[in-house]
Amino acid sequence: MKDLLKDPTLLRTQAYINGEWVDSDSGETFPVLNPATQEVLVEVASVAGAETRRAIEAAEVAQKAWAAKSAMERSAVLKKWNDLILENVEDLAVIMTLEQGKVLAESRGEIVYAASFIEWFAEEGKRVYGDVFPLPQGTSRGIAIKQPVGVVAAVTPWNFPSAMLTRKCGPALAVGCAMVAKPAHETPLSMLALAELADRAGLPAGLLSIVPGAHAAPIGDELCSNPIVRKFTFTGSTRIGKYLAAKCTETMKRTSMELGGNAPVIVFDDADLDKAAAGAAASKYRNSGQTCICANRILVQEGVYDEFVEKLKGVVGTFKVGDGMDETSTHGPVITRKALEDIKSMVDDAVAHGAEVAAGGSFGEEGEQFIQPTILCNVTEDMRVFREEIFGPVAPIFKFKTEEEAIAMANDTEFGLAAYLFTKDQGRTWRVSEGIEYGMVGVNEVAISSTFIPFGGVKESGQGREGSSYGVDDYLEIKYICIGDLGAD
Ligand code: SIN
């Protein structure tokens, strides 16, 4: 794997704790696999509770000194880190494609996206303001100041192994917090490479420690229960998020949870169908369907259903599934064989209940973990593909009659992360955007993610917002100070 990198020292396989690269106490390692070939890329140190505790204790010390620096000083280090990430896009993209599977173009995009959170929050950290307000006693004044929450723990997913770290540590570090982060065991190398660059940028020891491990429980338990950790931030499934959030209540930690989705794409009969088909495909098949905001259910008004399906088939027909390292591939494998089996079982369930495979439908033909981009028609609300997050390149297309029915179908889920609609009607744009229970709505647009936006969901898709000017709030405490005895002598 090193041979493929211009700078092989970016390939780090030890844990990064208190500014040092270390093996696990037990000497245990775990393999990182290439999802395109199932080859073992490298072995990575597998840490547990004791190493995690040391990282947290180091973070506590480092955080105090970091918070005492000015926002300008913190910003300067973060900007250096941002520059180093951008200087190394190509190597970081290769590392990501090899361990995660997404095609190189998507990996490059994610690295730039990841850096943008560092750059954005390096600026935003300078704008942490407070308030002065009147009090019932005319001789007193109230002041609200914002202070860093302290030590933050982060657990991040394999689908965006770099951007989900920086979307959390960018604001945390910018406002004066320290972070201990656990990468997904499928994709630790991207995060470790970013830590190497943070080290080169001069981020002081202990402020960002990385604790990779094959066994999530000992690391997760320490991160959730250690009282030094004041805030826990997680991106991943709703099932795991609920478990971790419950553990965090024992020490009353603040939490931010970016969890699962079941995004509807609602296509009305007044929509530009070419744009709707291109948008639905872009949203559905991005990262081979493995994003929390991927289209999960495509709801199409009955009068344009057949035409829309034909157009979507046309877009899907241009895709080339293959190894992400091949520049001609447009879509890579799914993360594991188990993921492929889970996705297949949802398609089998739909077909058994009368769905028709209008495109794709082949599993494991180009290689163990490859799925042909698939379209399912004649799908109904009693099928698993309506209720469950598919997390793979399968697009079920449902039919609706009226706007009210579309809103009801969109809301008929415990999830509420992202939703999309295609319409040219301004009144409908507002009625539907306000009527659906989602944290983010894209109207005639599916590329809704960026540093500029408050990313997050409602209902069981979680709480908290990442990115934008709101993104610092989750890492700040508000302290009220009452200044009294201000009357004349
Ligand atoms: C996610 O899937 O959680 C992140 C997607 C994005 O940032 O666009």
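Student: Why does Asn287 count as buried?
Tutor: This is a predicted model, and in it Asn287 has a relative accessibility of 1%; buried means under 20%, so Asn287 counts as buried. Asn287 belongs to the loop between α9 (273–285) and β13 (295–301).

Student: What is the phi of Asn287?
Tutor: Phi of Asn287 is positive, about 55°, although Asn287 is not a glycine. That deserves a remark because most residues other than glycine have a negative phi.

Student: Where does Ser468 lie, and why does Ser468 count as buried?
Tutor: Ser468 sits in the loop between β19 (462–463) and β20. Its relative accessibility is 2%, and the limit for buried is under 20%, so Ser468 counts as buried. Ser468, a residue other than glycine, also has a positive phi, near 65°.

Student: Which strands make up the open sheet, and in what order?
Tutor: The open sheet has three strands in the order β5-β6-β20, and their pairing is antiparallel. β5 (131–134) and β20 (476–483) are at the edges because each has a single partner strand, which means that one side of each is left without a neighbour in the sheet. From one strand to the next, the twist averages 25°.

Student: How do you know that β5 and β6 pair?
Tutor: Pairing requires at least two bridges between two strands, and β5 and β6 (residues 141–148) are joined over four bridges in the antiparallel sense. Within this arrangement, Val132 stands opposite Ile143 in β6.

How values were computed: Residues numbered from 1 in each chain as written. Predicted model: local features only at pLDDT ≥ 70, side-chain atom pairs only at ≥ 80, totals over all residues. Heavy atoms only, no water. Helix = DSSP H or I, 4+ residues; strand = E, 2+ residues; numbered from the N terminus. Axes fitted to C-alpha atoms, helices over the stretch in contact; angles between N-to-C directions. Buried < 20%, exposed > 50% of the residue type's maximum accessible area, 1.4 Å probe, protein only.
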